[in-house]
Amino acid sequence: MKYYIETYGCQMNVADSELVLSILNEAGYIQADSIDDADILLFNTCSVRDHAEQRVLGRISNERHRKKDKPHFKIVVLGCMAQRIGQRLINEDLGIDYTVGVDQYRALPHILARETGVALDFNSQELYEELLPVHQGSRCAYVTIMRGCNNFCSYCIVPHVRGRERSRPYLDILHDVQNAIGNGMMDITLLGQNVNSYHYRDIEFPQLLKRISQDVPDMLRLRFVTSHPKDLSDALVMEMADNPKLCEHIHLPLQSGNDEILHRMNRNYSYKHYLDRILALRSAIPDISLTTDLIAGFPGESEAQFEDTLAAMREIEYDYAFCFKYSSREGTEAAGFIEQLPEAIRLERLQRMIDLQREITLKKFREQIGKRVEVYVEDFSKKSKSMVSGKTRDYKIAVLSGDGSMIGKLKTAEVIDATAGTLICR
Ligand code: SF4
């Protein structure tokens, strides 16, 4: 039987899909090149925003017609949406045959042997130990180091659908990284909802970074995502400054620049604390690039409170920010707040946020002109076969003249121009 998997949402889902590939391949299923060729279509879903769920439902509705020509064709929903509303999805006539939650992927081959099935139980111990994911990226690998989250930010569905935090054993992580490097991937990103609280036996996160760097000599670039500002320790800052394999970039979600809103988000830090962490990072690693997540229109957010976020953006000058309008998620604390803002206000604030960030990003990218940067060439440029593209150490997309022989190699190049999103190099 052949299967095809579509993945939605964050890098955690990309990594989970790679686990699912490993489980299905081991059980004798074959990965299809396209949906046309597949007998089983799996959707690995995201519940963080309503929009993400609606997109998947739209895709399922577009694909269910295949059952007419291929009666054995099956549709599977995996991931957070399955975990959240898996039984509902099966009960409604949507064409979905199976729903499998985030801790039940090992059971997939057994479930697929049945006509239909639901597997949603949480398993607070599940770390998919001794499973080697099939990394799909040709140049960069995302390696999970922990699962779940204990933070319960008031807007966030993740702890409700992914369970409590647990850290993957060091040797599993090491084998995963070694395997990725052996397959020619030089840029490794360690993944978790809150990597700063990684803890396995006597290994805390800064030690994990040090040990991986020492134990995998061929690895040239190491990154991690996502960091929680309340847990970003001085020890981590020092490790980033001292370890030449750690790239000069950190993604540090701010969410809001206003303390009252941060409190109601249950983020457990103030803007002053956040700024202190940014200053510590910038003082230890002067050329570090900073990216963040921001929410516009959280319930009860006043215009003045929203402007605090804009002021924070101007003060910090992120290289890039992922801006979202608040999306109410059933079951979260914030969904019960009575002062939900109208969609029009959320959208208008989001647009102002995006416009401001575009200006800042353009400025930050233009500041790179004249500098020499190291580009890990990952592919041809989308616009021209005589150009190649890749990422700098500080997580900026760069394009430069070149050919296929440069792909998979590190090139030092001079930045000669920039847009709000790409460095143009030679
Ligand atoms: S840290 Fe907060 S935003 Fe991030 S996954 Fe956990 S609850 Fe969600």
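Visitor: How far apart do the C-alpha centres of domain 1 and domain 3 lie?
Guide: In this predicted model, the domain assignment of the protein gives domain 1 as residues 2–119, domain 2 as residues 140–366 and domain 3 as residues 372–425. Taking the C-alpha centres of domain 1 and domain 3, the separation is 35 Å.

Visitor: From which domains does the lining of the second largest pocket draw at least three residues each?
Guide: The second largest pocket holds about 320 Å³ of space, and of the 18 residues that line it, the closest to its centre are D287, I288, Q368, K371 and D394. Strand β17, residues 372–380, gives the most to this lining, with three residues. The domains that each supply at least three residues to the lining of the second largest pocket are domain 2 (140–366) and domain 3 (372–425).

Visitor: How many charged residues does the lining of the second largest pocket have?
Guide: Residues such as Asp, Glu, Lys and Arg count as charged, and D287, K371 and D394 are among the lining residues closest to the centre of the second largest pocket. By class, the lining has three nonpolar residues and three polar ones, while the number of charged residues is twelve.

Visitor: Which elements give two or more residues to the lining of the largest cavity?
Guide: The structure holds one cavity of 30 Å³ or more, and about 90 Å³ of space lies in the largest cavity. Its lining is formed by A15, L19, L127, Y128, L131, P133, T144, I145, M146, R147, R168 and D176, and these residues divide into eight nonpolar, one polar and three charged. The elements that give two or more residues to this lining are α1 (11–26) and β8 (146–147).

Visitor: With which side chain does the side chain of R162 make a polar contact, and is R162 buried or exposed?
Guide: R162 is found in helix α6, which spans residues 158–162, and its side chain makes a polar contact at 3.1 Å with the side chain of D16. Because the relative accessible area of R162 is 3%, and a residue under 20% is classed as buried, R162 is buried.

Visitor: How many of the residues in the shell around the ligand are charged?
Guide: The residues around the ligand are C149, N151, F152, C153, Y155, C156, V158, P159, Q193, H228 and R267. The residues of this shell divide into seven nonpolar and three polar, and the number that are charged is one.

Visitor: What is the phi of N268?
Guide: N268 is found in the loop between α10 (259–264) and α11 (271–284), and at 53% relative accessibility N268 counts as exposed. N268 is not a glycine, although its phi is positive, at about 65°.

Conventions: Residues numbered from 1 in each chain as written. Predicted model: local features only at pLDDT ≥ 70, side-chain atom pairs only at ≥ 80, totals over all residues. Heavy atoms only, no water. 1 Å grid on protein atoms, 1.4 Å probe; cavity = no way out; pocket = protein on both sides within 12 Å on 5 of 7 lines; lining within 4 Å. Points joined across faces, edges and corners; volume = space filled by probe spheres on them. Helix = DSSP H or I, 4+ residues; strand = E, 2+ residues; numbered from the N terminus. Near = heavy atom within 4 Å. Domains from an automatic or database assignment. Buried < 20%, exposed > 50% of the residue type's maximum accessible area, 1.4 Å probe, protein only. Polar contact = N/O pair within 3.5 Å; in protein donor to acceptor, adjacent residues only side chain to side chain.
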